[in-house]
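Work through the exercises below with the sequence and the model side by side. Each task is followed by a stepwise solution.

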Amino acid sequence: MQGLDYLIIGLYFLIIFGIAAWVSWQQKGKTKDSASYFLGGRNLGWFAIGASLFASNIGSEHLIGLSGAGARGAFPEAQFEILAALILLLLGWVFVPFYIRSGVFTMPEFLEKRYNKGARAYLSIISIISYILTKISFTIFAGALVFEVLIGIPFWTGALITVIATGLYTVFGGLKAVIYTDMIQSIIFILGGLAATWFGLKAIGGWDQVILAIDQNHESADTFMSLWRNKDYPWTGVLLGAPILGVWYWCTDQFIVQRVLSAKNISTARKGTIFGGFLKLLPLFIFVFPGIIAYALSQTEYPGLFTIENPLTGEIRSTTDAALPALILRVMPVGIKGLIVAGFLAALMSSLSSVFNSTSTLFTIDFYQKWRPEATEKELVRIGQIATLVLVIIGLAWIPFMRALTEGGGIYKYLQSVQAYISPPIAAAFLLGILYKRINGRGALLALWTGFILGIGRLVLEFLEQSHKIQIESASLLGQLVHMNFLHYAIFLFVVSIMVMIAGSLLKAPNFSPNLDWMKAADLDQSRKWSPSELYGSIALVIAVLAIWIYFY
């Protein structure tokens, strides 16, 4: 890193804070309105929504985790990104009409309208806990790794600075500041990923040299870049299990759905999801491929590429999760290197700012407003800002614990496996709540808690066995459940949740609200009529996904 690189990074921070300050100034006098602070005033366009869906989702854990997957030969991890494109179509065509018509701020609020207060409380609590223990902590960890590898400062110092900076502009700007900065940041790290691929190929001598290095050095060279032929990711799990995780994350998670709730109308929200779907095809090319190139370089030009030395203690460790930052450090020219580092920081800040805003919204609307229904709009915004500051503190407290995750690599797979244990019952509650009127609050609560017990139970047993505290016989029923592929376990949880939900609902009368009737809403709300651009865009996106699946078979 040279002086010019640091200058570019500094200019980037000035631009981001300038945008946040401008948005905050524009909202002066409007921040008393909680809809303005939490949902951007519900008047954003499709481009801003699509870019924010992409930028909010892509964080440092993706840059680090997906490039690490490419370096390890875990190519099917890209399936989670590719499938997201199709799940976003489901969000736009099926879920969005319900959400916008119901006028809700949060997903738990929607569950209360569909079921009862118990369902709302369950999702609020689970969402906040999952945000703190996964999104915030993992994003801080990945960002700290970037600082350690690229800039050479201690692991936690860079994370400390970035978390505080992100928290500040999230507090003062609200969702609109988050979304507008997301637009800038998404452009930066898309160009950064493309640049990493270009200069990496230039350093090794072209794609043919990458293939040659894989063929000569990797024991599974024939399946190194296969989306389907990988024993850790069976095709049944990919096609049937991964979409369950996708429905939970893309269609029911406050962190993501809050973007479409800020749309001018349903048509704008749907166009935003289609645009976001096309953007979700990019991570394969701008994150996974640089990881593959980094592996090839580690076998040829740069042995020990994945080795990290702690600048304070001199401790040396090796992890494939360092693939992308290590590649940037070795192959990028001065100036462009600074721009790419700014892109990494953009991804970190984008994810953190989004989760800070979404979690503060959940706390404020689903807990504080319930406790103090007489609270003014100004008071709600102030509590949201305080909640964001608390999240910053909690995130910092988790930094030391994240150091343990650097061993060996595999952050992205770990994230997906944890989500596989908590998402199926929530996905089932939303899907059946929309598609099957007979489901009621009793059935939903039974399924949510049954799925929670089975999911957390698997997670605890898996941890105890990996830490050698217990040993479970694979031949037993319990052993089969614990050792089952995590995507297959997601299918199992989803099926059990549906069965419990239906059985529990049949014991009591349904409680479906007429205002949430999908077909009736279609008749009453003319804005839900689709346009040719929405239809053709959706078809083109499906064709693009099929083409990628076939090419990388």
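## Exercise 1: The largest cavity

**Task.** Find which helix gives the most to the lining of the largest cavity, then describe that lining.

**Solution.** 
- Step 1. Helix α10 gives the most to this lining, with 5 residues. The model is a predicted one.
- Step 2. The whole structure holds 4 cavities of 30 Å³ or more.
- Step 3. Go to its centre. The lining has 24 residues, and Asn57, His62, Tyr249, Gln416 and Gln419 are the closest to the centre.
- Step 4. List the elements that give two or more residues: α3 (46-57), α4 (60-72), α5 (79-102), α7 (117-151), α10 (235-252) and α17 (411-435).
- Step 5. Sort the lining by class. There are 11 nonpolar, 9 polar and 4 charged residues.

## Exercise 2: The second largest cavity

**Task.** State the volume of the second largest cavity, and say how its lining divides by class.

**Solution.** 
- Step 1. The volume is about 70 Å³.
- Step 2. Name the lining. Leu63, Phe189, Gly192, Gly193, Ala196, Ile286, Phe287, Leu324, Ile328, Ile340, Gly343 and Phe344 line the second largest cavity.
- Step 3. At least two residues come from each of α8 (155-204), α13 (283-299), α14 (323-331) and α15 (336-371). The top contributor is α8, with 4 residues.
- Step 4. Count by class. The lining has 9 nonpolar and 3 polar residues, and no charged ones.

## Exercise 3: One residue of that lining

**Task.** Is Phe344 buried or exposed?

**Solution.** 
- Step 1. Locate the residue. Phe344 sits in helix α15 and is among the residues lining the second largest cavity.
- Step 2. Apply the cut-off. Buried means under 20% relative accessible area. Phe344 has 3%, so Phe344 is buried.
- Step 3. Look along the chain. Val146 is 198 residues away from Phe344 in sequence, yet their C-alpha atoms are separated by 7.5 Å.

## Exercise 4: The second largest pocket

**Task.** Which residues lie nearest the centre of the second largest pocket?

**Solution.** 
- Step 1. Start with volume. The second largest pocket has about 290 Å³.
- Step 2. Read the lining. It comprises 15 residues, with Arg72, Gly73, Ala74, Asn230 and Asp232 nearest the centre.
- Step 3. Split by class. The pocket lining has 3 nonpolar, 5 polar and 7 charged residues.

## Exercise 5: The setting of Gln79

**Task.** Which side chain does the side chain of Gln79 join in a polar contact of 2.8 Å?

**Solution.** 
- Step 1. Find Gln79 in helix α5.
- Step 2. The relative accessible area of Gln79 is 2%, so Gln79 is buried.
- Step 3. Identify the partner. The 2.8 Å polar contact links the side chains of Gln79 and Trp549.
- Step 4. Set aside residues up to four places away in sequence. Gln79 then touches Leu227, Trp228, Val238 and Trp549.

## Exercise 6: The whole chain

**Task.** How many helices and strands are in the protein chain, and what share of its residues is buried?

**Solution.** 
- Step 1. The chain has 22 helices and 2 strands.
- Step 2. Of its 553 residues, 60% are buried.
- Step 3. Residues 24 or more positions apart account for 85% of them.
- Step 4. Finish with the surface. The accessible surface is about 21300 Å², and 67% of it belongs to carbon and sulfur atoms.

How values were computed:
Residues numbered from 1 in each chain as written. Predicted model: local features only at pLDDT ≥ 70, side-chain atom pairs only at ≥ 80, totals over all residues. Heavy atoms only, no water. 1 Å grid on protein atoms, 1.4 Å probe; cavity = no way out; pocket = protein on both sides within 12 Å on 5 of 7 lines; lining within 4 Å. Points joined across faces, edges and corners; volume = space filled by probe spheres on them. Nonpolar A, V, L, I, M, F, W, Y, C, P; charged D, E, K, R; others polar. Buried < 20%, exposed > 50% of the residue type's maximum accessible area, 1.4 Å probe, protein only. Polar contact = N/O pair within 3.5 Å; in protein donor to acceptor, adjacent residues only side chain to side chain. Contact = heavy atoms within 4.5 Å. Areas by Shrake-Rupley, 256 points an atom, 1.4 Å probe, with all protein chains shown as cover.
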